[in-house]
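Hi,

Here is the structure I promised to pass on. Have a look through it first, and then read my notes below.

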Amino acid sequence: MYKSYVYKSEIMMPTSNKLKRNISGWLIMIPSLFLFGFFVWGPLLESIYLSFYSSNGMRIEKFVGLSNYMSVLEYPDFKAALINTFTYTLWSLVIGFLVPIIMAIILNEVIHLKGFFRVATYLPNVIPGLAIAMMWTFIFRPSNSGLLNIILKIFGIGPQMWLSNPKWTIPLIVFTMTWRGAGATALIYLAGLQGIDSELYEAAAIDGANIWKRLINITIPNIYNLARTLLVLQILSVFQVLYEPLVMTNGGPNNASLSLMQLVYRYAFEKFDYPKAASVSVVIGVLLIIITALYNLIIKEKDM
Amino acid sequence: MVRLSEKNSGIIRQFDIKRRNVKIGYYFLFLVSCIMVFIALIPIIWILLSGFKTLNEFVNESTFLPKSYDIKNFIKTWQLLKFGKYYLNSFYSVIGSVFFAVICNGLLAYDISKIKPFGSKLIFALIMWSLMIPSTTSIVPLFVNINKIGLQGTFIPLWLSMGANAFYVILYKNFFDSIPQSLVEAARLDGCSELGIFFKIILPLSASINTVVVIYAINAAWSDFLLPYLVLNNSGYETVMVRLFQFRTSIATDVDIIRAIVFSIIPPIILFGLFQKYIMEGITQTGIKG
């Protein structure tokens with residue numbers, strides 16, 4: 001009812017008024033749009049532009065076609081970074097994706113101390129990412145002073161190498177990221193779970209569905225769409241992991257944890273080769289688009 | 001105290017609880033929750049407690065609890081690393097960021113939600129789309145541009161960057177959509193300008209969403225590292241996070257760095273303690289992590 005009123009009033013509005021509103025509307029928007037242009041949209045397009053040019057420091061010199069891309073792709077560290085980045089993403093699907101879903105389902109069931117549980121598991125999310133990376137560097141210390149080795153000592157196990165063991169570097173970094181984000185992601189799922197109609201469970205129970213069947217047939221299908229969206233967002237963000245390898249391992253040991261985004265950082269802010277940094281960013285962008293497209297394709301086929 | 005027999009949410013219902021193995025199952029889930037909380041909190045507690053340790057104690061004794069809880073160690077580190085100055089810098093960066101986060105994103109959302117000029121739908125689509133664009137991918141040209149217009153070493157880019165946040169625009173727009181259009185129309189008929197409507201009517205009506213955005217902006221500005229690092233490195237205006245990164249490779253000892261980490265995480269934790277209701281609300285309302 002209310003909507004139809006708005007609709008009418010817009011139709012009856014005299015043209016001069018409409019024009020006035022359009023003008024004042026745009027005037028108000030311009031400062032904010034300028035900021036979006038400067039900080040978000042502009043730099044993105046410039047990344048593409050910059051990747052085709054050579055430069056002397058910050059001054060762009062001449063069009064070089066694909067040669068930045070060629071030398072970036074031939075750079076030995078690139079292959080390591082590419083493989084590592086996919087490894088990060090894979091591990092984050094193994095460690096990071098299911099943890100928040102399971103957490104949310106459990107937190108939704110528990111009624112004792114539920115406020116405390118939600119607040120406490122969310123807390124890591126408000127701590128700055130850089131501080132978390134540095135904090136976990138101390139926890140993963142290979143010497144006796146690291147928290148994990150202190151805990152292991154209680155069980156009579158000797159100190160482990162943790163981050164300096166190339167096999168474990170990426171999983172441990174992914175664990176750190178999950179530690180930080182899981183509580184907040186669980187909260188999103190929790191909101192979804194609470195949107196499920198209570199009567200569905202009652203009806204299923206009357207029909208003789210046990211707890212396990214209710215979980216499989218009601219709970220999971222109801223958060224399926226949410227999980228799908230969050231999965232894409234997770235892949236997008238893990239693919240660009242930077243802080244953790246930069247701070248915790250600096251890409252080591254022996255490039256075992258070097259990520260593509262860190263390669264951008266190295267090109268730009270250690271070698272001051274901005275066009276090559278831009279080319280790697282574009283490569284990351286293209287890979288992300290391909291992954292998202294493939295993902296949507298697979299999901300759609302499944303739905304049909 | 002909540003009684004288990006009154007449980008009327010989730011998969012497990014009241015009538016299930018009568019069965020003994022379901023009851024045991026429930027307490028098992030309760031135990032798992034306790035373990036989750038333990039994993040979430042123990043690293044934070046450990047780093048706070050380690051701040052009390054002396055260097056020798058931290059490196060050689062390898063125990064969980066410190067020997068004494070003397071606050072003097074913290075004061076010494078605070079003075080040694082001159083943290084007061086960096087707290088003040090972070091404070092400046094936070095204040096300006098909050099101002100632009102509220103005004104610019106709020107105005108844009110008001111425009112899209114209530115004025116709806118020609119083309120605003122497309123603009124909103126672009127803004128939604130930019131949520132998918134990783135900020136880090138465009139960091140190089142952004143850094144070059146900031147340098148070119150000579151804003152390096154100032155807080156201005158940090159302040160302004162908070163004025164272009166898709167997440168806050170969406171938060172505001174969702175809220176403004178629930179304010180009746182008739183209220184805005186009435187003000188227009190009375191001759192109020194669009195800016196006047198925003199500042200005199202919309203903002204005062206939006207206290208709850210403003211609280212959410214302000215808290216998020218404070219936390220984001222405090223926690224941000226990469227852009228402040230690129231803009232403020234070696235300018236004398238480094239924020240707490242930038243300094244923390246620099247300490248990593250400086251002469252500071254391990255325990256000094258641990259105390260620096262503690263100094264950097266205490267303000268967000270206090271903020272969270274005071275406003276956790278609002279912080280968690282923002283997430284559940286939009287399904288986006290701030």
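Which residues lie nearest the centre of the second largest pocket, and how many residues line that pocket? Keep in mind that this is a predicted model. The lining is made up of 28 residues, and those nearest the centre are A:Ile101, A:Ile102, A:Ile105, A:Leu215 and A:Ile220. The space in this pocket comes to about 670 Å³.

Both chains take part in the lining. From chain A, helix H4 (76-109), helix H10 (211-239) and helix H13 (274-303) each give at least two residues, and so does helix H2 (20-50) of chain B. H10(A) supplies the largest share, with 9 residues.

Next, the annotated stretches. The UniProt record, an unreviewed entry, marks residues 21-41, 88-107, 119-139, 168-191, 223-243 and 277-298 of chain A as "transmembrane region". I looked at two of them. Residues 223-243 of chain A are 86% helix and 0% strand, with the end C-alpha atoms 31 Å apart. For residues 277-298 of chain A the figures are 100% helix and 0% strand, and 32 Å between the end C-alpha atoms.

A:Glu244 is buried but forms no salt bridge. Its nearest side chain of opposite charge belongs to A:Arg180, 5.6 Å away, whereas a salt bridge would need a distance within 4 Å. Leaving aside residues up to four places away in sequence, A:Glu244 touches A:Ala133, A:Ile173, A:Met177 and A:Thr249.

Cheers

Definitions and conventions:
Residues are numbered from 1 along each chain as its sequence is written. Chains are lettered from A and ligands numbered from 1 in the order in which they are written. This is a predicted model: local features need pLDDT of at least 70, side-chain atom pairs count only at pLDDT 80 or more; totals for chains, interfaces and linings use all residues. Side-chain values use heavy atoms; hydrogens and water are left out. Buried means under 20% relative accessible area, exposed over 50%, partly exposed in between (1.4 Å probe, protein chains only). Lys and Arg count as positive and Asp and Glu as negative; His and the chain ends are not counted. Contact means heavy atoms within 4.5 Å. UniProt positions are given in the numbering used here, feature names are shortened, and annotations may be inferred rather than shown by experiment. Helices (H or I, at least four residues) and strands (E, at least two) are DSSP runs, numbered from the N terminus. On a 1 Å grid over the protein atoms alone, a cavity is a set of points where a 1.4 Å probe fits but cannot get out, and a pocket is an open set with protein on both sides within 12 Å along at least five of seven lines; lining residues have an atom within 4 Å of a point. Grid points are joined across faces, edges and corners, and a volume is the space filled by probe spheres set on the points.
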